Each structure stands twice: as C-alpha cells, then as structure tokens.
Amino acid sequence: MKPDALLYPTPKGLFCELGQFYIDPVQPVERALITHGHADHARSGHTHVLATRETLDIMRIRYGEDFCNSEQVAVLGAKLVINGATVSFHPAGHVLGSAQIAVDAQGTRIVVSGDYKRRRDPTCLPFEPVSCDVFITEATFGLPVFHHPDDRHEVAKLLTSLRQFPERAHLVGAYALGKAQRVIALLREAGHEAPIYIHGALAKLCDYYQSEGYDLGDLRPATIAGQDRQAFAGAVVIGPPSAFADKWARRFPDPVSIFASGWMMVRQRAKQRGVELPMIISDHCDWPELTRTILEISPSQVWVTHGREEALVRWCELQGIAARPLHLVGYDDEGE
Amino acid sequence: MRAFAELLDRLVLTPQRNAKIRLLTDYFRATPDPDRGYALAAIASTLSLKAVKPALLRELIMERMDEVLFRYSYDYVGDLAETISLVWEPRGEAGAQEHDLSLGTIIHQLQSVGRSEVRGLVRSLLDQMDSSSRFAFLKLITGGLRIGVSARLAKQAVADVGGIEIADVEMLWHGLAPPYTSLFQWLEGKADKPALTTPAVFHPVMLATPVGDKDLENIDPADFAAEWKWDGIRVQLANLGGTRRLYSRSGDDISGVFPDILEAADFEGVMDGELLVGGTSRTNQATRSFSDLQQRLNRKTVSSKMLEDYPAFVRGYDLLFSGGLDIRSDGFLARREKLANLLETTSAAHFDLSPLVPFSTWEELDRLRSDPPDPVIEGIMLKRLDSPYTPGRAKGPWFKWKRNPYNIDAVLMYAQRGHGKRSSYYSDFTFGVWTENDGKDTLVPVGKAYFGFTDAELDVLDRFVRNNTIERFGPVRSVRAEPDVGFVVEVAFEGINRSGRHKSGVAMRFPRISRLRTDKLPREADRLETLITMIDGGQGQS
C-alpha cells in the first residue's frame, strides 16, 4: 500500500482512511488516536478516544469526566487492529504518557512520532525508535541553531541565582503539563529541597504526577493568604508563562523572571519577553536529536509536520532521504 | 571563558543597576587574575584586539555548513555572531565540554598571532568552546559587547569589591592598563595601592547637589558666588608632563574626538570646564546649543569639515593644577583667580572664562535663573567662596539650581510592560500631542517616559492601560486616545531639539511624567506647534 493512501492530512488532522481514525485531530471526530495530553494535540469532544492510560487521565483532569463518549487504553507495545489497520503505541519521551503511534497495513508502516525528545527526562519514559517506512517527525526546533544544553547546567544557573539574589522571588514560567514537573524533578535531583510554590493552574497535574509515583517534594500553593510575602524571597515559584505578565506576579518580592523553554536558546527571544534568566529546557528534540533520530530509524521517507519544516526537509535532501512537509495546521509550539 | 560568557549572558538580560553590580562583583571576586582584569577591560572598552571582520566569520562557517541551512538559521536569529555561535559544530578531539579555555589565554593568543594566522586561530578557538563562550568570543573579536553596562558601572563594581569609593578607582584608571592586576591585588589587600606613572590622569570631579526646599534659608548669599550652568558637557582638560588628555565627567578619555581642543591646550595644568560648540565670549560669537554639540560627540573620527562647522571650546569653571602644582585645597576664589590669569594666555577661539553672576539676595538670583540671558544656560551654580575642590557630591559647598523644566500636557498612546520589578506593570509610556493632518486633528507621538510617577500613580496608569487597550503588539498595547476619551499626563522635560528621526520632528531631553491630569480631556492637551515654538528658544510654561 502506498504510504500516502494509508495516512494523509485533512483539515481535521492526519486521517487513516482504512482504519477510519484520526491522529491528534484538531476538531471533534468519531474516532481519535491521541499521542499526548498537550492541549493542541488532545482536544475534547471526540466520540471515541484511544490513548495511553496516562494521556486519558490527563485529558480527564483537563476537560472533565465527559471529555469523550468512550475511551480505550492503549498499552505500550501492544498491537491493536482497527478496521484492517494495525496500530501500536510506543514511548515518545515528550511528557508523561506521550506515545508515538505506528500504523501498519499491507506491509507498509508509518510512525507518527507526535512530539518527542531523546534526552533523559525523570518524569517520563524514554523515546523508543521504531523501524518504519515513513517516519513523521515534528520540527519545532528544526533549525541548526538549536543545540539544547545539558538540563543540569540550566538548573545550576537557577540555583546560582538563588544564592546570588536571596532576597528576590525566582518566578519560573513553565508549561503546565510536563515542563513544570520536569523542572521541579530536576531541581530535586540537584539537591534543592526547599518548598517550591506553584500556581493554581499546576496543582492538579502536579498531584497527578505525584500519585503516579514521581516524587516532586514539598509543593505549596503560591498564594499570599496566611503568609508574609517575604516567604517567597529566595524561593522558586513555578507557574504558566502567561501568569507572569499578569497582576498575579505582583505578590512576589522583586521577582527574577525566568522562562524554561527551548526558545530561550535565542537571546533576542528572551529579551523580547523580558526574561531575566533564561533556562533552555525543552520537551522537544533539538537539531542534533532530530537528525540523529532520522539516521537511526533510517526510514525510506520522512514527513515533517509542525515547526521549521523547510530546514529539516533540506537536511534530508542533502542526506539523500526523501522528505516532504505535511503542512498540518492547528499545532502551537509557542508555549513550549 | 565560560564564567565570562555566563556573566555577559546575565548582564544583557538584567535591567536593574544594583543587580548588574552584584553580578559583576561576584564575578570579580570569584575569578582569578588576569581573567577578571581582561573581562573588566572588555566591558569598559579598554581592550584592544585585532578586529576580525564579519566576512571572515562567514567564510569559516561556510567551510562546514550548507549555505541554505545557514541562511535559514541567520534569518531566524538575526545576528551574525549569535547565529554562528549557535550553529557551529565543534570538530576534532578538542572536547569543548570538558575543558574551559581561560579568557587570558584566548586574549594572549589573539594578541600574539600574525595577521595570516588569524583565520586558523579563530577556527581552532571556536572548536574549543561551548556555545555561550563562542558568542562572547565572537562579540569580543568583532568589537562591541552591547551588554548595557557602562564603563562607570563596571568601575563602581570594582570599587565595591574593595569597599572603596568609585572616585579612587577613577583616579587610578587612566594610569593603569589591562589586565589591571595591580588594581585587583590592591583591592584584595594583597598589594599596595598602585603608583601612577602617567601624570595626566583623571582627577575625580567635584559635583553639586540640587537646591532643596529649605536649603537657601540656612545659607548666606554673601558666602557664595553664582555662575551660569551651561548646557554642554562637563570636562576635565589636563596637560601635565607633556601629556594632554580630555576627560568626560565620569573619566572617559574623549581626547580623540576633540583634537582642536587638545592642540590649543598649550598650558601646563588641569582645568575643569564645560565643553561647548560655537564662539567664545572672547571672540564675541554666540554659544551654540546642546544638539549642535551632539554632532561632535560619540564619533570615532572627526573630519576637518566637522571641526570647521562645529568648532569646540572649553568654558573654564575651575583650576585643579596650576602648572604642576596641585591647588585643589585652595579656596574657590583663589583657584578662580589663577584660572582667569591662565585663560588670558590661551587661544581666544578655544577658551573663555565662565562669568560670575552678581547678586545680593536669593530672590534676585531666582529671577535671573528664570530668565537667563542666553538660551544655552540651564540654570545657576552656587559655589562657596572658600570651598576647596573635593571629589564627589558632598552637600554644602556647591549647589545647582536648575531652570524650571518645560511642561506640556500630552495624551497616552501606547504602553509597554516594564522589566524586573515592573514586569507585571505597563510602565513605559509613549505619549502624543495634537497636530493637523489632512484637515483633521490627529495625535502624533512625541516621546516616551518610564519614570516621574509614584507607585500609586503607576497603579492608576496600569489600570487605565488594561481597561482601555485597543490593540496588542507583543509586549506593547495601544490605548484609547480620542478627543473625549483617553488619559492626559503632564510631561516635564529639560529641553527639546529638532529631530529627523522622529515622525513628529521633535525630540525631548529627559522627559518624565510629572503629573496625572485626570481632570483634563485629551482634546485639551497641547499641540505640536507649541513644542516647536519651545525649540526656537521659547520658554517653558512655568
């Protein structure tokens, strides 16, 4: 079977005609396969949803009990036949519960990687390479400028600043699902045992991670009720990036504004956002990870989705690998 | 190199002055010689390195990267040095992550290498660094760190390391050279104060405090001399032991831009004065405005046409050294007499004496201050007749009594989020005044201000911005500004010039928001014509 007959982009998302399902659809559909819980990939209102148990839990936390009509747990590595197409889920290393989805039919296998990364993350399972004919990769950081440094070095920058500015609150902007918990876990690994204050938008997801066995240590709500604002001096406060532009941030003493994101690699990006201490921590592959993964999997074709498609397609051409952009719409990588 | 690179990365994103100083002092304390001295030199722009042209860097990256991928990268990042620092893939067994070249080593290699070997050295150094170090290195060799730290701020941090006054650092500064090992050794108590070998060093200047509410009640007019405060830049001109130097008030050496002044300084001594352009009182020609002086400032070279069109001169205020003799402990009147005698012998086109303003009461002086005889006067200086010349800003011997600022009522048009403490506030404001455009009154932006208001007033402004936003452009919001709906602020400023760079054609000096005019409607705000009259020597409103 030709790959582009097995899976092709539609306005609602990637569609498998044979199996009659969509992968990460951006509009409500009858049958959806979801790679991970980020809001632009996992939307509510589908009739039937197939995803990992963790992703289903995360969707329930975010959208409520009735986020779909019926749900089905995908067990990692297990094969499942849907209307003649065989699908299986494999860890993607992006956030807790994230999975790549392999779609097989008549001797052709396509792997939809969703969002993924290759480096170690204490809060999720590592990426597993799956051999395939077509590898569909994201390209959020698909430019040779992106070389994400070692996470430990970025966390050390924060710890140094806490020592240098013990009178200031250190406000870390981090995406509520995945990034925030990873930053907390990395801080704990680096020996930071003090209470970490979290914005209300993070509370349920952090509780969920803790209930899944990821130890995030002493987390407290970042509210002033019942405490002196000086309690935040020299403390780490974590919240969604948007909260720091908001009046919410005013309760903290002389805050240092920090943003944990792969975008912080580019100085002008940090400057524009008024970030004082950039932490280059990403839940996506950097350029070397993307290119290494493609060489490792060695598919006969690469399809590139959201991000900077043109550079990755160009690189594939230079390597003699057939590649094309998919031009999927509706995926937002700015919050990364 | 890594510590220096991290310091630069932090400084460029840190808005607060005190936080910058802390980052610098921590670095100076933790870094050994000579690295910290080279870092200081790089920041204070006293480090001379062979300049590397951007074209060479481009060639180096093209040796190992696809041109199309480089173009995509450069388009995205927008800065050549940063792009190269990010896309560079180290080659060979160098092992960039494991060892860290010292800043001193890098600078020694750059200074000792021959012209033909520069390319190879730059390539090899790039291979031995991490990305952040590559960025710092590339900025260093292409000239211009652009990290928002002045030489003065760096000197303040140096002073803090040793717990001394900045004046002591400024005094030594021009007698020392990178890597400033003797300076740091002294600051840490490991060596004696460095002895100066160059005589024409900078001597920290004496500064005045502003006249406060009750200050004049407690002092006697008979004890003070009054002098006009001229609107140029304060300078120190030294000619000692055959060395001539012109310094700005903060001790920056600006000799290179004013060869005309240096050539005319054929007397021995150290003079304090105001640098201005135009004619002196001795040539009977008018003193020209600050914006004319600006034509001569901040230039690397100065053409003969520039020298002719914008002739510079020094209006003498004080004399610190008469011949080789330090007379700073003499009284003001005694020093001034020596200054007057000295100036008699100098070139009439390049030097004159700042005249005293006779007065008997403060009321009389206040009237003179409000209506000075020359538009290039920005106020009055009061100097105790017996005051010795003491560096720094002690309160008592010298006062400055500025002319009242100009005031206009303007309408808020745009607001931008602040930094640091103010990052959750809209605290940087663009304001405009009315002008006629195609027969209709429209607002044209005339300036930006981010201070002058109290914290309580900032709350009011911030609330207005949040509730009256029309459009957002990243961190900037445009707000409602119509004849009957909008926010009027009183803007105070020190002067106003014509400007080809601004749409309105005018540029204000030191604008700040002096009052919130919640009692006024935007239609009652000022018009552009009013501002233009102010340029042509018009008075402020109060």
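**Notebook: domains, interface and cores**

I started with the domain contact in chain A: 14 residues of domain 1 of chain A are in contact with 16 residues of domain 2 of chain A. The model is predicted. I then sorted the domain 1 side of this contact by class. The side of domain 1 of chain A that touches domain 2 of chain A has seven nonpolar, five polar and two charged residues.

Next I looked up the bounds. Domain 1 of chain A is made of 3-145 + 284-325, and domain 2 of chain A covers 151-279. I took the centres over C-alpha atoms; those of domain 1 of chain A and domain 2 of chain A are 29 Å apart.

I moved to chain B. Its assignment gives domain 1 (2-142), domain 2 (209-402) and domain 3 (406-535). I checked one pair of centres here. For domain 2 of chain B and domain 3 of chain B, the C-alpha centres are separated by 35 Å.

Then the interface between the chains. I found 30 residues from chain A and 27 residues from chain B in the contact. Which helices of chain B each supply at least two residues to the side that touches chain A? They are α1 (2-13), α2 (17-30), α5 (67-77) and α6 (80-87) of chain B. The most comes from α5(B), with six residues.

I turned to helix α7 of chain B, residues 103-112. Its buried residues are Leu103(B), Ile106(B) and Ile107(B). Why do the buried residues of α7(B) line one face of the helix? I looked down the axis of α7(B): the buried residues fall within an arc of 95°, so they line one face. An α-helix has 3.6 residues a turn, so residues three or four places apart point the same way. I also noted what covers the buried residues of α7(B). The cover includes α1, α3 (35-43), α8 (118-127) and α9 (131-142) of chain B.

Last, the nonpolar cores. The largest has 205 residues. I listed those with the most contacts inside this core: Val103(A), Val183(A), Val237(A), Ile238(A) and Ile258(A). I followed up Ile238(A), leaving out residues up to four places away in sequence. Ile238(A) touches Val172(A), Ala174(A), Ala180(A), Val183(A), Ile184(A), Ile196(A), Ile198(A), His199(A) and Leu202(A). Another core lies apart from the largest one and has 34 residues. Among them I noted Val479(B), Ala481(B), Val488(B) and Leu531(B).

Definitions and conventions
Residues are numbered from 1 along each chain as its sequence is written. Chains are lettered from A and ligands numbered from 1 in the order in which they are written. This is a predicted model: local features need pLDDT of at least 70, side-chain atom pairs count only at pLDDT 80 or more; totals for chains, interfaces and linings use all residues. Domain bounds come from an automatic or database domain assignment. Two residues are in contact if their C-beta atoms, placed from the backbone, lie within 7 Å. Ala, Val, Leu, Ile, Met, Phe, Trp, Tyr, Cys and Pro count as nonpolar, Asp, Glu, Lys and Arg as charged, and the others, Gly among them, as polar. Helices (H or I, at least four residues) and strands (E, at least two) are DSSP runs, numbered from the N terminus. A residue is buried if 20 or more other C-beta atoms lie within 10 Å of its own, exposed if 12 or fewer, and partly exposed in between; C-beta atoms are placed from the backbone. The arc is that of the directions from the helix axis to the C-beta atoms. A nonpolar core is a set of buried Ala, Val, Leu, Ile, Met, Phe, Trp, Tyr and Cys residues joined through C-beta atoms within 7 Å.
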